[in-house]
Structures are given as C-alpha cells and as structure tokens.
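Biologist: I would like to go through this model with you, one term at a time. Could you show it to me?

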Amino acid sequence: MRAGPSQEEIRRHNLGALLRHVHLSGPTSRAELTSRMGLNRSTIMALTADLTAAGLVREELPRETGRAGRPSLVVRPESARVYVFALDVGVDRLVAARVGLGGAVLDRRETVRRRGPFSLEEVVGPLAAFARQMHRRTRPDTVCVGVAAAFSGGVAQSDGVVRFGPNMGSVDVPFGEEMARRLALGLPVTVGNDANLAAMAEHLRGVGVGCRDLVYLHGDVGVGGGVIAGGALLGGHQGFGGEVGHMVVNPQGRLCGCGSRGCLEAEVGERALLEAAGRFGSQVGREAVRAVVSAADRGDIVAQAALSRVGDWLGLGVANLVNVFNPEMVVFGGMLREVYLGSAAQVRSRLNLDALSPSREHLRLRTTALGDDATLVGAAELAFAQVLADPLEVLARAGS
Amino acid sequence: MTPVLELRGIDKSFGPVQVLHDVAFSVYPGEVTALVGDNGAGKSTLVKCVGGIHPIDSGEYLFEGKPVQVGSPRDAAGLGIEIVYQDLALCDNLDIVQNMFLGREHKRGIVLDEDTMEEMAARTLESLSVRTVKSIRQHVSSLSGGQRQTVAIAKAVLWNSKVVILDEPTAALGVAQTAQVLELVRRLADQGLAVVLISHNMNDVFAVSDRIAALYLGRMAAQVKTSDVTHAQVVELITSGRSGDLGLTNGVPA
Ligand SMILES: Nc1ncnc2c1ncn2[C@@H]1O[C@H](COP(=O)(O)OP(=O)(O)OP(=O)(O)O)[C@@H](O)[C@H]1O
Ligand SMILES: [Mg+2]
C-alpha cells in the first residue's frame, strides 16, 4: 500500500497554491484565501508567515476599509523583490523583460530581428545584453527566481532544444543551453513554443481566465497555436503538440514552409494574405497585414476578396479544431486578431456550416486580451513555474 | 434564459407614416445582440422607442420579465438602460470626467465631490481595460473618434446599467479604432451586460454578436443566433426580409 502524502509534501503544495493565488489574482485578503483555498484560518496564517519570512509575500492592511469592524490583512506578492527574466524570440523581434512576482513588467527591452538565415549568436547576443542591462539596474535585495523563453519554433520537452522553426530558418538549436551559459545567472533557461506559451498566458491572465478548455491560434509569419484541455496545455508525447498551423485544410493548396501542402499556415499565414491581396514583397509583417484590412474596410475589392478567402480557410481550420476539442473558447492572437476582425463574417459562416452544431452552440470566439505581449507573458509564467511549485526550496537556492 | 429587455408588437408612426410594424425584439444578459437592417429600416427609431425618446403607439415593453411604462429617457435610465446615440452627445469643452457625470451630478440626491467623480471615472475606464486615454482630465475635443466612443460607452457603464445600446459606434472609425471598440463591446457583454450593437458592417456583426435581429422595412424579419446563420442568409434577410425558412411571409415573421 502506498503511503499518503507526507506533512512536508502537503505543506509544500499549500505554499505553492497560496503563492500561485496571489501571483495570479493579486493582493488577496486572508479571509478570501481561507474561503477560496478551503483551508482554515490558522493554516492560512502559518503558510502566509512562511512565505513572508522567505520574502515572497507581504501582509498589509487594506487601503480602503469599506465595512466596519477589524479588516482582514491583505496578502500581496513581493513584486519589486522577486522576479524572473522572460525572453521572446519572434521572427521579427527579440524581447527581454524583467517581470515581478504577480506579473508586473518591471523593465523591458526590445529590438527588431532581421528576417533571413538563422544565427544563434544574433539571437542570444542581444537578449543576453538586455538581461545584463536590466540586471544591473536592480536593487541588491532583489532575487531572480527563473528564466524562460518563448521561441517561434518546435521545442522538444526533454532538452529544450528547438527542433524545427521553418519561419526562423532554424533546425536543432540548443537555444536554452546557450542562453543560460551567456546569461551566467546560475539558472537554467526553460524554452517553450511561443504560441503554446501565449495560449497559457491567455488562459492564466488574458481573455480565457476561468476557461479550462481553450484553443489559441497565433498568427505571426506562420500560424501557431496551443490547446488547453481541462486547464492543462496539451503538449503531446514530445512537446510538439498543438501545431494547429500545420493541420492540412487544403491538400491541393499552397506549399507550406514545412514541406507539406495546404497547411492552415500556408492558407491563412501572412504570405497567403499578402499574395492574395497582390501586395506580397513591398511590405511585410504586422503593418502589411493591417494595410490589407484597412484597404478592405475602405472598399478595395482585391483586399476584400483576399480577406474573404483567408477567412474561409480560417473558418474551416477552426471548425476542425472545434469538432476535435470542443473548446469553450477560441482565441485569435498575433496578426490573426486583425484577420479575424476583418473577415469574421466569412470565418463564422464557414464555422457554422462545418462545425458540429452542439460544439459551436456555446463556443465563444474572442480576440487576444494580451495582444502582442501574449508570448512574453507566457514566457514569464513558464519562468515562474518552479518557484510556484516549490517556493521555499527555489528561493533558498536563488538566494544562496 | 429570460430576456432582460423584451418588446412585443411595437407599432410606431410619425404622422401618417408608420415606421415600425408589430416589432418584437429581445436582448439577453451576457450577450451582444446585433440589430441590422438597411438604411431607413427603423433601427434608430426602435432604439429611441426603447430609450423613451419616442413614445410607442402600441405594444408591450417588458423589463426583466415585467411590463413597464417608459415615457422618457429618465424612465429608461432608471431601469438601467443606457443608449449611445448615432449622433453621440459628448460636450467638447468639458473633460472626460465631467462628460461622464454630465446630467447625473445629483443622482439620488447625493452631491458627488470632484475626487469621488474622478476616482469613479478612472475605475470604470480601468474595468473596461481602456488604456488609450492619457488623462481623464483631458478635454473631449482632443480625443480621437474611437476614444470618444470609448468615453461614451464608459459613461453608459458607469451607472451600473443592465442594457447598453450602441447605434453605429464604429461607423466613423478606422480599422484600428474599430477593433478596440468591438473588443470593448465584447468585454461589456462578458461582464454580464446585455449589449445591442447596430452596425452595417457584417464583419463587425459576426465578430462579436451572439444573436442577430434583422429589421426589414420596419418589420422584424428574424431574430437568430449568430451560430446558426451564414453571412449570405443575413444579407438576404436585410435586403429582402426572407432567407429560406427564415424571415417574413406576407409581412409576418415565420
Ligand atoms: N422623427 C421622425 N419623423 C418622421 N420620420 C422619421 C423620424 N425619424 C425617423 N423617421 C423615418 O423612419 C424611418 C426609419 O428611420 P431610422 O432612422 O429608424 O432608420 P435606421 O434603420 O436607423 O437607418 P440608418 O441605417 O440609415 O441609420 C425612415 O424612413 C425615417 O425617415
Ligand atoms: Mg440609424
């Protein structure tokens, strides 16, 4: 017979749960924590005392006291003291941010990335420099508890190696390892697929808060995504799951960067839209996509036809996802936010024709609440994962 | 689900001209209902009947399931119905806070001080995730079209309304501002309000609505769920009052 969890395991679990609570929900009164976590007052007090002693949270009197009587103390995360570095490696940009416990972006640096052949040094160099600059500006009593990166490519769960990234031109890049070496903070760098992390970010802090079954679609140059099922990210056997952009929707269709034909990405990605609008070449990126949506809005019939075509394929892709996963919500992020808003009549018409009626009846279609920061916010959450799992142990290690 | 607002058999004439014929219209909490129809179909007139600007000639007006008499904008506001009219009424020479409290300074006999008003305005904009205005003490004349819509909508929300009706809020806006207003509309409904959105743009309608109500020559052709119809069907309802099994037969809804 297996023994139940030890006292120590239960305590660790509860410490993590409490810290996660104030990290995600912000300052919370002891009374509220008691009822939300289903623990008694004295346990909450003991847990809070431990986290306070470790410098992870602080207890304060609430700012405004609405009611009479003794106000319950508010537990707030030590946002200025405990932080992570979040990195975002996109096709067109590199971002590094220092994010405090609780999710506030304390500092941030960004640069444009040239499209072209992949060079590890050209990615790691600027990000390491950004992190160093931000690190120098921190007060001595601050502590970094994790580093994580969102990478536009397929990341192996086992070793954090970026196995493929057709739009970055990268194959088998040991990005995490190299990044950790250059940062020299004594911390590993966890790496995740950018769209997977953005999905998690929308689930934890964006439009999908409280929604346990969600499909997120991310439009960059390519189309990525993430599937949240029962509150957890669906990674698959090796972590490559959720590549919704490589779902084949049109076998006779356009060639995809992955070598296949008619992938969702090939039919609705940036290039597909710009080519259909007769605008490929002159301008690329988000601005070019916005220009097509604007032109369509002003009555340009070529731009309208392009959006309508792309919207139709997007609707077909979403219909497949809805039939397979029965999500409560589908979120459009990156440039797909603009594409969805500019072609929603087409997207939903196709969806209404092709998705099973019970699955689409209560489906909510939403645009990202985190915007272009979704991937970065997701990286920050990945970086916080360790300290939220075992607060005292991680803090002891980081502080030493 | 019970509609928060329901109209039945509404007739409305201006002199000899009958503009609304036997119109039924329901809106639900937590949902966006798109009200569509060609120019002159009667959308704004219907909304003005809801808002107590135009008295209805006959028909029933139910709020939260109970029959009510709405004879003035004050009655509508008292029920928690706020309308942002097509020709929206903000005062250019006042700042955002002043606009949001315009005409409401003495509600329930309480005189609000400046600090309280400022805090309430700021909190409302914050709750709607409105981050585009720099200062709430900015004059409305210095705002862009999208920001003006945003302030008008925030004003509607500030008073704990249950129903917010927006008459063509995106008509004069560019793509980027339209996107923000649409997302705001969606957020309002997701916070539990019933929202009515009037628009001629089918992408806007399909992007955020849960239901579509189509008016045709002053008659309600159909009220459908957005998840049950295609763009082509809605266009047919708008232009001919019919689409397959949906719509009017000899002027009577199916
Ligand atoms: N105060 C009024 N007096 C007389 N006729 C009116 C009045 N208001 C509206 N009408 C008429 O009622 C009809 C419906 O007008 P309404 O403004 O409701 O249309 P609408 O659907 O809002 O159109 P649009 O899309 O152009 O805004 C039109 O024929 C209009 O001329
Ligand atoms: Mg009108």
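Modeller: Let's start with a definition: a salt bridge is a side-chain nitrogen of Lys or Arg within 4 Å of a carboxyl oxygen of Asp or Glu. This is a predicted model, where local features need pLDDT of at least 70 and side-chain atom pairs count only at pLDDT 80 or more, while totals for chains, interfaces and linings use all residues. Residues are numbered from 1 along each chain as its sequence is written, chains are lettered from A and ligands numbered from 1 in the order written, and side-chain values use heavy atoms, leaving out hydrogens and water.

Biologist: What makes Asp228(B) and Arg360(A) a salt bridge?

Modeller: Their side chains meet with N and O 3.7 Å apart, which is within the 4 Å of the rule, so the pair qualifies. The pair crosses between chains: Asp228(B) sits in the loop between strand S10 (219-225) and helix H8 (231-240) of chain B, and Arg360(A) in helix H12 (residues 357-361) of chain A. Helices (H or I, at least four residues) and strands (E, at least two) are DSSP runs, numbered from the N terminus.

Biologist: Is Asp228(B) buried, partly exposed or exposed?

Modeller: Buried means under 20% relative accessible area, exposed over 50%, and partly exposed in between (1.4 Å probe, protein chains only). Asp228(B) has 47%, so it is partly exposed.

Biologist: Which residues do salt bridges with shared partners join into one network?

Modeller: The network holds Asp88(A), Arg93(A), Arg108(A), Glu110(A) and Asp373(A). In one of its pairs, Asp88(A) and Arg93(A), the closest N and O atoms are 2.9 Å apart, and both residues are buried.

Biologist: How many residues of chain B are in contact with chain A?

Modeller: Contact means heavy atoms within 4.5 Å. By that rule, 21 residues of chain B touch 22 residues of chain A. The area buried between the chains (accessible area, 1.4 Å probe, lost on being put together and summed over both) is about 1,800 Å², and carbon and sulfur atoms give 45% of it. Four salt bridges are found across this interface, and Arg366(A) with Asp190(B) also forms a salt bridge, at 2.8 Å from N to O.

Biologist: Which helix of chain B supplies the largest share of the side that touches chain A?

Modeller: Helix H6 (175-190) and helix H7 (202-208) of chain B each supply at least two residues, and the largest share, seven residues, comes from H6(B).

Biologist: How do you know that H11(A) is largely enclosed?

Modeller: Of its 20 residues, 16 are buried, so the rest of the structure largely encloses H11(A). This helix (residues 335-354) spans only 24 Å between its end C-alpha atoms, whereas a straight helix of 20 residues would span 28 Å at 1.5 Å a residue. H11(A) also bends by about 85° at Ser343(A), the bend being the angle between axes fitted to the seven residues ending there and the seven starting there.

Biologist: What makes Glu270(A) count as buried?

Modeller: Glu270(A) has a relative accessible area of 4%, so it is buried. It lies in helix H8 (residues 270-276) of chain A. Leaving aside neighbours within four places in sequence, Glu270(A) is in contact with residues including Arg115(A), Asp220(A) and Met335(A).

Biologist: And what makes Thr124(B) count as buried?

Modeller: The relative accessible area of Thr124(B) is 8%, so this residue is buried too. Thr124(B) belongs to helix H4 (residues 114-127) of chain B. Thr124(B) and Leu158(B) are 34 residues apart in sequence, with C-alpha atoms 6.0 Å apart in space.

Biologist: Where is Arg211(B) placed?

Modeller: Arg211(B) is in strand S9 (residues 211-216) of chain B. Its relative accessibility is 17%, so Arg211(B) counts as buried. Not counting residues up to four places away in sequence, Arg211(B) touches several residues, among them Met1(B), Tyr28(B) and Glu31(B).

Technical notes
The expected span of a helix is 1.5 Å times one less than its number of residues. Buried area is the accessible area (1.4 Å probe) that two parts lose on being put together, summed over both.
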